[in-house]
Amino acid sequence: MKILAVGDIIGENGLRKAKEVLPQIKEKENIDFIIMNGENSAEGMGITRKLYEQMIEMGVDVVTLGNHTWAKKEIFTFIDTEKKLIRPANYPEGVPGKGYVITEKNGKKIAVINLIGRTEMNILTENPFIIGKKIINSLKKEVDIIIVDFHAEASAEKIAMGYYLDGEANIVFGTHTHVQTADEQILEKGTAYITDIGMTGPKKSVIGMDVDVSIKRFVTTLPERYKIATGKCVFSGCIFEINDDTCRITNIKRVKM
Ligand SMILES: [Fe+2]
Ligand SMILES: [Fe+2]
């Protein structure tokens, strides 16, 4: 079985790029299951129902989110009802939506968990390590494959999570920095790990945003409003191969198109 994780979709152009690339990659790589991070799909921040539905129509099995989960108010009208949409599990109790979902595919029960980091995130969340382990312990017996999208800023926090969940989750991949890292590996106890799978959005940009606006913000420190960059898009993600009999990871491969 092959699982594809697609990095943060930046705006409608990013989503268009994914729509164009997914059929090719599905055919070439025989992809069975797709996870897509949608936190930046609505004008760079948040997600709308329409965009979520487009992702599902493309064949996406689970849409994950991150620190921009609540950026579009519309999210509150569909996050509780959409079965394939998850937000970080370590938001405080009582927050709308859910932090993980179990999907059946090719006779396997696959759990996808979304977690958010706390380093340089400026969001008051529960400890992602404790919550992540707790969820995994509660699911371990009933599912065949466990996948974690760890949405975090600090490489150290992500790498630590990889080792912490080694042998507990089949896959731990990072999102949020929008820059793909070249550290994909299978850890000692069998977990496939990569610090960040990168973004799907405008190539000439500062992590998806307009270059001039970003420079102006850094140079002047004035609160210039971010806008999404235009132009050609890049598709970034990672493919994980799992042995159908043992459910062990056999390969991890970065994708950039
Ligand atoms: Fe993002
Ligand atoms: Fe993010």
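Which residue takes a positive phi in the hairpin of E4 and E5? The residue is Asn-106, with phi near 50 degrees, and two residues lie between the strands of this hairpin. Strands (E, at least two residues) and helices (H or I, at least four) are DSSP runs numbered from the N terminus.

The model is predicted: local features need pLDDT of at least 70, side-chain atom pairs count only at pLDDT 80 or more, and totals for chains, interfaces and linings use all residues. Residues are numbered from 1 along each chain as its sequence is written, chains are lettered from A and ligands numbered from 1 in the order in which they are written, and side-chain values use heavy atoms, with hydrogens and water left out.

The domain assignment of the protein chain gives domain 1 (2-200 + 235-256) and domain 2 (204-233). Such bounds come from an automatic or database assignment. The domain centres, taken over C-alpha atoms, are separated by 26 Å. Domain 1 gives 12 residues to the contact and domain 2 gives six residues. Contact here means heavy atoms within 4.5 Å.

One open sheet has six strands in the order E4-E5-E6-E7-E9-E8, with mixed pairing. Two strands count as paired if DSSP finds at least two bridges between them. Strand E4 (100-105) and strand E8 (185-186) are the edge strands, and each pairs on one side only. E4 pairs with strand E5 (residues 108-116) in the antiparallel sense, over six bridges. Ile-102 has Ala-111 of E5 as its bridge partner. Glu-104 stands opposite Lys-109 in E5. Helix H4 packs on this sheet and touches E4, E5 and strand E6 (145-151). The direction of H4 makes about 165 degrees with that of E5. Axes are lines fitted to C-alpha atoms, for helices over the stretch in contact, and angles run from 0 to 180 degrees between N-to-C directions.

Another open sheet has five strands, ordered E3-E2-E1-E12-E13, and its pairing is mixed. Strand E3 (62-64) and strand E13 (249-256) stand at the edges with a single partner strand each, so one side of each is left without a neighbour in the sheet. From one strand to the next, the twist averages 20 degrees. Strand E1 (residues 2-6) and strand E2 (residues 33-37) run parallel and are joined by four bridges. Ala-5 has its bridge partner in E2, at Ile-35. Helix H1 (residues 11-29) packs on the sheet and touches E1, E2, strand E12 (236-242) and E13. The direction of H1 makes about 155 degrees with that of E2.

E12 and E13 pair in the antiparallel sense, over seven bridges. Phe-240 has Ile-252 of E13 as its bridge partner. These two strands form a hairpin with six residues between them. In its turn, Cys-247 has a positive phi of about 60 degrees.

Pockets were located on a 1 Å grid over the protein atoms alone; a pocket is an open set of points where a 1.4 Å probe fits, with protein on both sides within 12 Å along at least five of seven lines. Lining residues have an atom within 4 Å of a point. Points are joined across faces, edges and corners, and a volume is the space filled by probe spheres set on them.

The largest pocket has a volume of about 480 Å³. It is lined by 19 residues, and the closest to its centre are His-68, Glu-153, His-176, Ile-207 and Tyr-226. The lining divides into six nonpolar, nine polar and four charged residues. Ala, Val, Leu, Ile, Met, Phe, Trp, Tyr, Cys and Pro count as nonpolar, Asp, Glu, Lys and Arg as charged, and the others, Gly among them, as polar. The largest pocket lies between domain 1 and domain 2 because both give residues to its lining.
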